Every structure is written in structure tokens, then in C-alpha cells.
Amino acid sequence: MVIISDDKGEVLGFNIYAGGGLGRTHNKEETFARIADPIGYVPKDDIYNLVKAIVSTQRDYGDRTNRRHARMKYLINDWGVAKFTAKVEEYYGKTIEPLKELPAFKYIDFLGWHEQGDGKVFLGISVVNGRIKDEGDFKLRTALREIVQTYQIPMRVTPHQNVLIYDIEPADKAAIDSILIENGVEPDPLKIDNLVRYSMACPALPTCGLAVTESERVAPSVNERFRALLTKLDLPDEQFVIRMTGCPNGCARPYMAEVGFVGSFPESYQVWLAGCPAQTRLAQVYTDRMHIDDLETFFTPMFEYFKRDRKPGEGFGDFCYRVGLDSLREVCKH
Ligand code: SF4
């Protein structure tokens, strides 16, 4: 659902999409990650009725016998979006309008300081893999507690595993920066390695009972190894979106990443490539099993190919998508 507003920010209606979902199961090809299809635009007064019509369609025609096939994405995939939309319109009782035109999607994480439009400011703070903790000299939990208690300001968590603190008086910015820095937390996103800034990992071991592999606990070392490898290959400032999960449920959205790791066997991961920085394109499976110890030998020929044949300004995910995974396999010999 994308909000469509007027020049003053008043909500006019919504562009509606349906049929997306990232959960899947290894070795069950009938389960797959899928991007949502556009359904259409709905004025704000009709949003309840349209959502009710979509849910009713799923209720009446979704698969009630096979749990693995029960999600709306499978119904839309089986029917096609045109048939699905026509059925939704029957429940809705009206024709659904075409989507409103949108600017290109961008992946914006809102880290750092920003005006919020009412004279106050907000601060986006990077939280590595979403874990708010105190560990050694890094005391994010302490810093957030002190800021909230001192300034009585609210906080939001984001789908990128970060925290936004908001409703801040501009005069308090410097003091809040100081609290963060004193507690070892970097408030300036430009000082955070972009591999770290844009990566995410799910909790996996030991928290999640479904995990096959580590994720959150090894992701920082994976980012460090990627940075070291890129530097060694004379690509020191390269950045791309890395996502890691401990099982195919995909809680950190690895199937949209430029480099996605999905736990498949102990210490080994499926590798997904060819997503894009804006997170609007599904990645593709490159291999079902890469042992984590082999990360450097696995990616070195890929990055060498990328360095040699990329177009000016082309990112790694777009490069993989353009040349295709078969070409990558041929060149990299794996
Ligand atoms: S992706 Fe799997 S291992 Fe990770 S949190 Fe989700 S269910 Fe657990």
C-alpha cells in the first residue's frame, strides 16, 4: 500500500499491491518468494471496502487444504493478477482505478538528522541487525534510555532494523549527539561502512527455533570480510545490500538483496544474487550451498569479473542481473 498525498501532505488515497511474500521452503519448488502485483488506486474513503474485498477473495478462494500453498501470493500466482483483480472488483462493487504514477522507489533509511516538517527534528540511528544492546564500550541501550528519559521523546523502529527518535527540539541536537558518542554509538551515518549500514540479518541461532545456520551473530564478520576482500581487489568503496537469514523463511528479506545468504545446511548458505539497491527486484539463486569459510574464494572471481566488465556507475546487483547468473557461473567456474 503506497500513500498518495497532495502537495500539502494530505492523504488522497492509496496505490494497492497484493500477492507479495518472501517465505519459502528449501527443495519445495512450489514455494517461492514473490513480488506483489499492482492492483490499482483507491481513494482514501474506499480503502476499507477495497481491503475487505481483497481479504474476502482470499478467504473464499485461497487454498484452505495445503498450508504451504495457503498464502494470497499463490492464489494470485495461480490465477494471474487480472482474474484476481476482477474477482476483487465483484466484492468491491466498483471498478478499481489504475495506479497513480509514482516516482522511482529509493531505499532510504532516514539515518542521521532530518527536519520533520513542524519545526522539530528527528534522528535515525543505525542498529546493527536490530540488536539494541550494551557490549563493552558500545552502549546503545544505555544511550537510548538516557535520551528518552532526559528529553521525554518518542521512538520508532523501522523495517530496516533501525531506530528513529523524533519530536526533538533543534537546540537539543548537540547534546543528544554527545550522549550517543559518549556511549560509543555513531550518530553520523556517513561514518558507518555502507556494507554495514544497508545490511540486515535475522536473529537465527540461538533465538529462533527454525534456524539452520547462524545469521545475526556472524553477519558483522561477513561484512568485515567483504570489506577486506573488496579492498584487496581494489574496490575499496564498493557497496551493496547484503542480507542473511538462518532459514528460508526469509525474515531479513534476503530474496531482495544484491547478495543474499539463506541458511541451507549447518554453516552453509544458499547464495542469492542480482537484487537491486532499491529493493524492487527479486534476486535469483546462484548456488544452494556455500560454506561460510569459502566466502572469499567464492566471491573473488565474481568481483574480478564485476570490476572488469561493469558499466560506469553500475552496482554489483545490477551487474549480476545484466550479465545473468549463467554468465557468472561460466566465468567464475562454480
Ligand atoms: S529467517 Fe528463519 S531463522 Fe531467521 S528468524 Fe526467520 S524463521 Fe528464524
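**Strand pairing and its surroundings**

Reply: Strand β2 and strand β3 (residues 37–43) run antiparallel and are joined by 6 bridges. This is a predicted model. Within that pair, G13 lies opposite P43 of β3.

β2 also has β1 as a partner. Strand β1 (residues 2–5) runs antiparallel to β2 (residues 11–18), with 4 bridges between them. Here V2 faces N15 of β2. The two strands form a hairpin with 5 residues between them, and in that hairpin G9 has a positive phi near 90°. As a general point, side chains in a regular strand alternate between the two faces of the sheet.

An open sheet is made of 5 strands in the order β10-β11-β12-β13-β14, with mixed pairing. Its edge strands are β10 (200–201) and β14 (284–291), each of which pairs on one side only. β10 is joined to strand β11 (residues 242–245) by 2 bridges, and these two strands run parallel. In this pair, M200 stands opposite R243 of β11.

Helix α4 (residues 140–151) has 12 residues, and the distance from its first C-alpha to its last is 16 Å, close to the 16 Å expected at 1.5 Å a residue. Its buried residues are L140, A143, L144 and I147. These residues are on the same side of α4, because they cover an arc of only 95° around the axis. The cover over the buried residues of α4 includes the strands β6 (134–135), β7 (138–139) and β9 (163–168), as well as helix α5 (173–182). On the face of α4 turned away from the buried side are the exposed residues Q149 and T150. Just after α4, Q152 has a positive phi of about 50°.

The last item is the ligand. There are 13 residues around the ligand, and those that come nearest are C202, C208, G246, C247 and C251. Sorted by class, the shell around the ligand holds 8 nonpolar residues, 5 polar residues and no charged ones.

To return to the strands: β2 is joined to β1 by 4 bridges and to β3 by 6 bridges, with the strands antiparallel in the β1 pair and in the β3 pair. In the open sheet, β10 and β11 run parallel, and the pairing of that sheet as a whole is mixed.

Definitions and conventions
Residues numbered from 1 in each chain as written. Predicted model: local features only at pLDDT ≥ 70, side-chain atom pairs only at ≥ 80, totals over all residues. Near = placed C-beta within 6 Å. Nonpolar A, V, L, I, M, F, W, Y, C, P; charged D, E, K, R; others polar. Expected span 1.5 Å × (residues − 1). Buried ≥ 20, exposed ≤ 12 C-beta atoms within 10 Å, placed from the backbone. Arc of directions from axis to C-beta. Contact = placed C-beta atoms within 7 Å. Pairing = 2+ DSSP bridges.
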